[in-house]
Every structure is written in structure tokens, then in C-alpha cells.
There are 2 protein chains.
Amino acid sequence: MDQLLDILKRNQLSVTEGRKKILELFLKSPGALAHADIEKSTDASFDRVTVYRTLQTFVEKGIIHNIPTTDNSILYALCRDNCEAGHHHDNHVHFICDVCDKTICLEHVAIPEVKLPKGFKQNQTDVVISGVCSECR
Amino acid sequence: MDQLLDILKRNQLSVTEGRKKILELFLKSPGALAHADIEKSTDASFDRVTVYRTLQTFVEKGIIHNIPTTDNSILYALCRDNCEAGHHHDNHVHFICDVCDKTICLEHVAIPEVKLPKGFKQNQTDVVISGVCSECR
DNA sequence: AGCAAAAATGCAATAATGTTGCAAATTTTA
DNA sequence: TAAAATTTGCAACATTATTGCATTTTTGCT
Ligand SMILES: [Mn+2]
Ligand SMILES: [Mn+2]
Ligand SMILES: [Zn+2]
Ligand SMILES: [Zn+2]
């Protein structure tokens, strides 16, 4: 079965044009995508609202995860690990290139252990590193 | 000399009501502040635009630094390390409490070393950990 | 295939957030 | 204290996000 359909079915989502198109974008994209990127790439084939709702659904289902940024935007990237609805466990470092501005999931760079002071209960750890990516150097 | 004045003077900023008030907020606040928090706390004593510009100025001068978030907002916190204009070196971990929703600078938890794949040049590393803070447990 | 139920979409209205230019007010400097 | 420099508020505008509801699409079933 087609990979797209597979992912949607597995997550009990009805398969629609919008979802297929957006999911395809993520599968093809080497890096993370922002809402704006998706709107551009899809050439306004569907409404902004649909994009918002699709992204939200995908995050809830654990199909994509979001990456914290420092500039008032949200970036989304495909979950390669086997994330579940409501609980992500993408345990990798994210890299933002200052030159090409792409955000890349470094799937093979593990999140380091961080020891917190007494009394803190640790749930999720995000590591975002900026610099120059291997393409741009 | 008053601490507020001291900080502003040291950074060659003219001391105005707005700057004093906002800086005071940061000095008093245990956690990080978003633009919206500041607007609320200052009771609309000054214009939104002034708040935007003040935050921008403070970041540029290295008085505050911003903290990446996953929700389309920017958080700001006082720089305790001796940051300079244009170059921050707050080398600490940030913690977001899932219960009280506060974001705290863990000044004494150092950013761990992360080894990147060949070809990547590392510039800045942000670590944001979520969980339950020591107050809320 | 055809139909009813369920779910997703588009549209419009509205809200929230951020940016810019410029005149008036405030602060600094001399 | 006056002039120069800087900051502020206002207004207008731009961008981004949210919500309700009617219409369309998809799904599950016969
Ligand atoms: Mn990732
Ligand atoms: Mn901090
Ligand atoms: Zn690059
Ligand atoms: Zn807490």
C-alpha cells in the first residue's frame, strides 16, 4: 500500500486531498516546515484554516512533532521514531542553519542527559542548535 | 545607585518610565515573561509598540535574552551572566513547568556538550526541558 | 454501486499579534 | 535652561490565528 495511505490509515484518519498533499510534503522535505512554507508549497490549493487544522491533527496523532524556535513561529517535522497519539518520543537534536535557514532533524544525535536540581521532574527535553549546516559550509 | 538606573546607564540607554517599569518587572520576576505578560502587568500604562521596542532594545543590549518556545510566542528573561550587546552567553538550561506554566532559567545547570556530525559548525545551543517544577510537585 | 452517517473543508467574520511612519513629548547634553 | 537627540504614542496597516456554520467529501454499511 502507498506510504501516504498507510500512515493516515494507521492513525485512523480519513484520507483527504489536503492531508495527502501535506503529508507528502513532509515526506519529501529534508528539513522542517513552517505553516507558511506549506501554504506556499501547496499553492493555495486549500484554505489556511485547513492547513492549521491538518497540522494540529498530525501533531496530535504523533505524525509530526514541533520544534521550538526563537522567532515566533512553529516548525514541524516528520516523526521518524514511532510516536503515538499524545506522546512523542523523538529523542534527537534539531539544527537550524544560520545560512540557508533550514531546520534539520539530526536523527542520530541523541539528546544528552541533563541533571536537574532537586525537586524538578523532567518530562521532555528539546535541544536546538544553530550554526552552519553541512551543505552550507 | 539604584539597580535599575545602573543597568540602564551601563548600557547607554536613556532612562525612561517605560524602561524602568519593564526592567523592574524582570528583576522581580522569578521566571520568564512574554510580551503579553508585560502588557498585563503594566496595566496598559504604555503603548504596545513601546513594549515591543523596549524588549527589542533590551535584547540587543544583552539585558534580556529570549527563550525558544513551541507555541508561537517568545519568552524573555533577564541575563544574569555578563552578556554584551550583540553577543549573549547565557549558558544555561531553561525549564518549562507543565503545571504552573512558568518558564525558569536554571542558571546553574550548564548546557551539555553535543557532538554534531561532520560538516556542521555549531554556534548556539538551546536546551528547553519541560516537566514539573520544584514548586508544583 | 448506492445510501446514510460521520468527518473534513471552505468561507466569513473576528481576534490576536506585529510593524511602520511621523508628530509630540521626554530625556540628555552642553 | 535651551537645543539636540532620543523615545513615545497614535494611527494605519499587515500578518497570523481562531471560531461557527453551511457545504462537500469521505467512510461504513447494505
Ligand atoms: Mn525532529
Ligand atoms: Mn535564561
Ligand atoms: Zn545551511
Ligand atoms: Zn510549576
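Biologist: Does His94(A) count as buried or exposed, and at what relative accessibility?

Modeller: This is a predicted model, in which local features need pLDDT of at least 70 and side-chain atom pairs count only at pLDDT 80 or more, while totals for chains, interfaces and linings use all residues. Residues are numbered from 1 along each chain as its sequence is written, chains are lettered from A and ligands numbered from 1 in the order in which they are written, and side-chain values use heavy atoms, with hydrogens and water left out. Buried means under 20% relative accessible area, exposed over 50%, and partly exposed in between (1.4 Å probe, protein chains only). His94(A) has 2% relative accessibility and therefore counts as buried.

Biologist: Where is the place of His94(A), and with which residues is His94(A) in contact, leaving aside its neighbours within four places in sequence?

Modeller: Strands (E, at least two residues) and helices (H or I, at least four) are DSSP runs, numbered from the N terminus. His94(A) is in strand 4 of chain A. Contact means heavy atoms within 4.5 Å; with those neighbours set aside, the contacts of His94(A) include His65(A), Ile104(A) and Val128(A).

Biologist: Which residues coordinate the zinc ion (ligand 3), and why is the arrangement tetrahedral?

Modeller: Donors are N, O and S atoms within 2.8 Å of the metal (3.2 Å for Na, K and Ca); water is not among the atoms, so sites may look incomplete. Here the SG atoms of Cys97(A), Cys100(A), Cys133(A) and Cys136(A) coordinate the zinc ion (ligand 3) at 2.2 to 2.4 Å. Four donors count as tetrahedral if all angles lie between 85 and 135 degrees. The 4 donor atoms subtend angles of 104 to 120°, so the arrangement is tetrahedral. Cys100(A) lies in the loop between strand 4 (92-97) and strand 5 (103-110) of chain A, and Cys136(A) in the segment after strand 6 (121-132), so the pair ties together parts that are 36 residues apart in sequence.

Biologist: How many residues surround DNA strand D?

Modeller: A residue is near a strand if one of its heavy atoms lies within 4 Å of it. DNA strand D is surrounded by 17 residues, the closest including Val15(A) and Thr16(B). Sugar and phosphate make up 67% of the atoms of DNA strand D that come within 4 Å of the protein.

Biologist: Which side chain has an N or O atom 2.7 Å from a base oxygen of DNA strand D?

Modeller: That side chain belongs to Arg53(B).

Definitions and conventions
Polar contact = N/O pair within 3.5 Å; in protein donor to acceptor, adjacent residues only side chain to side chain. Tetrahedral: all angles 85-135°; square planar, octahedral: opposite > 155°, others 65-115°.
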